[in-house]
Amino acid sequence: MAVESPELTIVLNHPAAESYARLIEERFPQVRPIVAPDSNGLERYIGEADALLAFRFPVEVFDKAKKLRWFQCTGAGVDSMFPIRDRVGHITVTNARGIHGDIIADFVMAGVTMLHWDFRRFLREQANREWNPRYVAPLADKTLGVVGLGSIGATIARRAKSAGMTVVGSKRDISVPVDGVDGLFASDALEDLLPLCDFVVLALPATPETVGLIGAAELARMRPDAFLINIARGNVVVEDELVKALQTGAIAGAMLDVFEREPLPKESPLWDMPNVIATPHVAGSPTNYTERVFSIFADNIERFLKGQALKNVVDLGRGY
Ligand code: GLV
């Protein structure tokens, strides 16, 4: 139904645009949602948008977005905006932080368990009907390090603590302790943190400062029996240096949900390395994702209409 004199026009550039539009129409008759999941729709309507909802900011149409005042990202990471971050001071950027921590912590603890027991090998042995007992220490004897103790990282830390693990982690501001974290390191003290860990979990945003953070030197600081788990962004790791570290035994293995290029190219050696578990960028997406995002988005629409400060605002200078 067309909205006459809408108070707010929101372009929905997302595969679930129709669902978001329905949810908006049910709750906000004064708002005009525009369904524009593809580039044609975006080209056509972005000039009318006061607000935009998308997972990645479509930088290619930024110059046409003359009225845009608010970008609601449906994910946690807003790295797609970095190419234009010096030009978007007039746009409020909000993200969906708060809905990813629990599911990512589930995923990380599954990865910790699978890597620790070498479940890939058990599954291969089962397929061959081989009875080959191997025993491991309890996780309570092990140390997990979280690089990036934001809301996702802190949830992972609490979960690892509840498994009895020793938990260390890094963040930019270490003046405030983090629940469940036994040892807190400043983000520039990675070289001290890495050798302590049996598991290193990357949970930091990709920003111009963190892209390429984990390369050969950092992987060499990890112990040869340690595992890397990346649920952040692929480009935080120098992928070919990781491949080398995994091939040469500089580290024991990895669970990777994110990659420099996604989908992970068919020819990537990561697909069939025996010490790698590779998953298709799923760790942070619980079921009913649209409804979960909408609870944040709707609150922000209400605030926007009332001229109030929005929630989950991202500081693009910091990058999260
Ligand atoms: C997913 O990767 C997200 O940023 O939410």
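**Notebook: ligand site, sheet and cores**

I started at the ligand, where one of its oxygen atoms lies 2.9 Å from a polar backbone atom of Gly77. I count a polar contact as a pair of N or O atoms within 3.5 Å; within protein, one must be able to donate a hydrogen and the other to accept it, and residues adjacent in sequence count only if both atoms are side-chain atoms. This is a predicted model, so I note that local features need pLDDT of at least 70 and side-chain atom pairs pLDDT 80 or more, while totals for chains, interfaces and linings use all residues. Residues are numbered from 1 along each chain as its sequence is written, and side-chain values use heavy atoms, with hydrogens and water left out.

An N or O atom in the side chain of His281 is 2.6 Å from a ligand oxygen, and for the side chain of His100 the distance is 3.4 Å. Around the ligand I listed Phe55, Gly75, Ala76, Gly77, His100, Arg233 and His281, taking a residue as near if one of its heavy atoms lies within 4 Å.

Then I turned to the strands. I use DSSP runs, numbered from the N terminus: helices (H or I) have at least four residues and strands (E) at least two. Strands pair if DSSP finds at least two bridges between them. S6 (residues 143-147) runs parallel to S7 (residues 166-171), with five bridges, and Val146 faces Gly169 across that pairing. S7 also pairs in parallel with S8 (residues 183-186) over four bridges; there I found Lys171 opposite Ala186.

Which hand does the β-α-β unit of S6, H5 and S7 have? I noted it as right-handed, with H5 spanning residues 151-162. With the strands pointing away from me, the path from the first strand over the helix to the second runs clockwise.

I went on to the cores, meaning sets of buried Ala, Val, Leu, Ile, Met, Phe, Trp, Tyr and Cys joined through side-chain atoms within 4.5 Å. Buried is under 20% relative accessible area, exposed over 50%, partly exposed in between (1.4 Å probe, protein chains only). The largest core has 32 residues, and Leu202, Leu228 and Leu270 touch the most other members. H8 (239-248) is among the elements giving two or more residues; its four are the most.
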